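Me: I would like to learn how to read a few features of a structural model, one at a time. Please give me the general idea before each case.

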Amino acid sequence: MISIPLPDLLAAIGPVTGRLGHPVQDQLLAARDMQALSLSVHIPLVCFGIAFPSMVLFSELLWLRTGNRVYRQLAKRWSKVMITLFAVGVVTGTILSFEFGLLWPNFMATFGDVFGLGFALEGFSFFVEAIFIAIYVYGWERMSPRLHALTGIPIAVAGVVGSLMVIAVNAWMNHPSGFDVVAGQVVHARPLAALFNSFVWHELLHMYLAGYLVAAFIVAGVYAAAWLRGRRTHYHRAGLVIALTFAALVAPVQVLVGDWAGREVAKNQPTKLAAIEGLQDTTKGAALHLGGIFSDGKVKYGIAIPHGLSLIAFHSFDAKVQGLDAVPARDRPPVNVVRLCFQTMVGIGTLLALLGLFYLGLWLRRGRLPRSVWFYRAVVAAGPLAVVALICGWITTEVGRQPWIVYHVMRTTQAVTSSGGLNAAYGGLVVVYVALAGAVVWLLRRLAKQPLEVVH
Amino acid sequence: MAATICLALIVLGVTAYAVLGGADFGAGLWDLTAGGARRGSRVRALIERSMSPVWEANHVWLIFVLVIFWTAFPVAFGSVASTLRVPLALAAIGIIFRGGAFALRGEAATINEARTLGALFALSSVIVPFCLGAAIGGVASGRVPVGNAAGDAWSSWLNPSSITVGVLAVLSGAYLSAVFMAADAVRAELPDMRAAMRTRALAAGAAAGVAALGGLLVLRADARPLFDGLTSWPGVVAIAVSALAGAAGLALVWLRRYHAARWVAALALAAVTSGWLVAQRPYLLPGQLKVAAAAAPDATLWLLIGAAAVGMAVLIPSLFLLYRLTLRGTLDKPFSPFDERYPKEAR
């Protein structure tokens, strides 16, 4: 019989084994890919849940104030898109809650009583959202305009509350608290302490602004494309200006919030930061590398900015930055995936901020829209790019957390199901999502082609 | 105490989902059996009109059940989800197709598009309640052991008890849906649809009743502890209430009292779901895990109950508003039969 000393065993599996015991699973990657795919489909829809209601309401309020029918046409058209995307978000969100149990039963069994409260609250706000979105979208004709606008407010509030709760759970996974580990068992669950951990606020704000960037740039892109094709009616102009103004106001702020989020990671998850930057050795006054790939313990082919990393992560020229070497190899995330995604996100975020500043500057100084076709082409590209940045940001934080599902407490290998057949299930899921994505694009094009309703 | 309240919340959620969500799935069955493009066009239009404003809110009851389940009984949730992976995965995929196809069909431009999407919507509307019912049957007949995917992937849901509950879920949804739509047809002043839905309600109600009685015999052979629980005090009360309410519901449909029939039918289903959990007391997973052992610590349970109380305080007036506006016609879509919507192709 081979006996493994207990401390070594614990180091290999993490402090917590989980209430369902050690899983047997040789297709862990398929489980992670399925979860990643499902999240990547759902998160862009969440952006519309966060940001679209206030854009629609803003347009409706403009109509109430000015009496200009174009704003009503716009709000009504957008509200149809909103409920369609909400319907798709309802089903993709349901898939996620099924997957929590189907793919990560040991995670749910072990920590459900710690973080589950967040999802219970999210469930209620989701309910309110579903109810009022139906009232709002189907109630255009038979309610007084003021009352109708009022029914839109709960949609916007519920969208924010719901995303706060889900992000609180994710923040908890990255910065766990609200429970004790005694002899490998999770005990003394304190759900409130778990939910309102110090990691929530920057994650929430970062995601909240990302929601506005994605939704507003995609909507603006639709009207910018119409603009390029010569459709420049008052309706198209209003759609473009409202959406673009939302996006342009948010984009520069996101850069500042991103900096805050980065410093929180530097403080609380030094290994994730080391992976983001490809820093092998703990270094004082560490350099920042742009581009390049990480291999053999250093970044090759990148542009080095001396002291840049210390400066950006700790706002100090000579701050010590912890490298990957501080933890054993089995506790490190895959560096290149995390690094590439992070750099992509930052690069796109910077471009979007510049685009927004250009638009705002021109508007403030000259009081007009840009005339160059290249500006409108950039706006068309900005929507898809914002989605790419969004997904890259989530990959950075989620893959950067690996190999832990609950940071430094439970390994992803401990959380997974013991079920077989995950590769086959992954294949099936890909087919389903491709079909769904195709159908949604088809539907949105169909909605866009409908003639505008005549308002008297 | 706290665990019992949480269990009651789950009963509430399962019942609400079985009644409201079940009716939406039942509408899919009627869509599937409505006949050819021309003959079925009015039934399909009524389905679309009745479901559009409410189906998303109805669906959220499923999420409600899941979140209460995994917060209050995490080990049971992990065990159930991992053993019943096949029916739950099928249900999840069915939910995607049902919701997606229904949302899309309203925008179809040709009758062929509408038919393809409609078929997808209708087929998944049958698969989802069957799979969810079969999963419940697997739990109730004691086929889910505690552990990570510890039960059999197939026999845990393809067994006599599971198939019984699955079929019952499909039929009760069909019945409820026909009753709801008969009431809607009265409101929309469509006498032909009212009559068509009344016939369907009577047929599906009778079939559901027969399936329920036959199901008891199946349970007697396949899940004896559950059967014994259902046929002794206090489970037998639930069975009696369910049988009486079921019969009364059918009588009310016969008498064309559709509004009252809705509530009585909901009561019949509530009696079944609460009877199920009463019958398997004190177990949550029969023969495997008792409620008391499965429950999260009291601190979590009471917070969950508090959150549910606050949530309900917001939810109940909101739902009330939604259904009142729906019943008053404020949210009505126009009734638009498919052969009039696509006049050229239907001929």
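**Burial, confidence and helix packing**

Reply: Buried residues, meaning those with 20 or more other C-beta atoms (placed from the backbone) within 10 Å of their own, make up 51% of the 456 residues in chain A. This is a predicted model, in which local features need pLDDT of at least 70, side-chain atom pairs count only at pLDDT 80 or more, and totals for chains, interfaces and linings use all residues. Residues are numbered from 1 along each chain as its sequence is written, while chains are lettered from A and ligands numbered from 1 in the order in which they are written.

Me: What is the mean pLDDT of chain A?

Reply: The pLDDT is the predictor's confidence in each residue, from 0 to 100; its mean for chain A is 89, and 96% of the residues of chain A reach 70 or more. Over residues 1–7 of chain A, however, the pLDDT is below 50.

Me: How should I read the packing of α6(B) and α7(B), and at what angle do their axes cross?

Reply: Two packed helices are described by the angle between their axes and the distance between the axes. Here, with axes fitted to C-alpha atoms over the stretch in contact and angles running from 0 to 180 degrees between N-to-C directions, helix α6 (residues 111–140) of chain B and helix α7 (residues 160–187) of chain B come within 7 Å and cross at roughly 140°. The two helices, α6(B) and α7(B), are therefore oblique to each other, given that angles under 35 degrees count as roughly parallel, over 145 as roughly antiparallel, 65 to 115 as roughly perpendicular and the rest as oblique. Residues making the contact (C-beta atoms within 7 Å, placed from the backbone) include F130(B) of α6(B) and V165(B) of α7(B).

Note on methods: Buried ≥ 20, exposed ≤ 12 C-beta atoms within 10 Å, placed from the backbone. Contact = placed C-beta atoms within 7 Å. Helix = DSSP H or I, 4+ residues; strand = E, 2+ residues; numbered from the N terminus.
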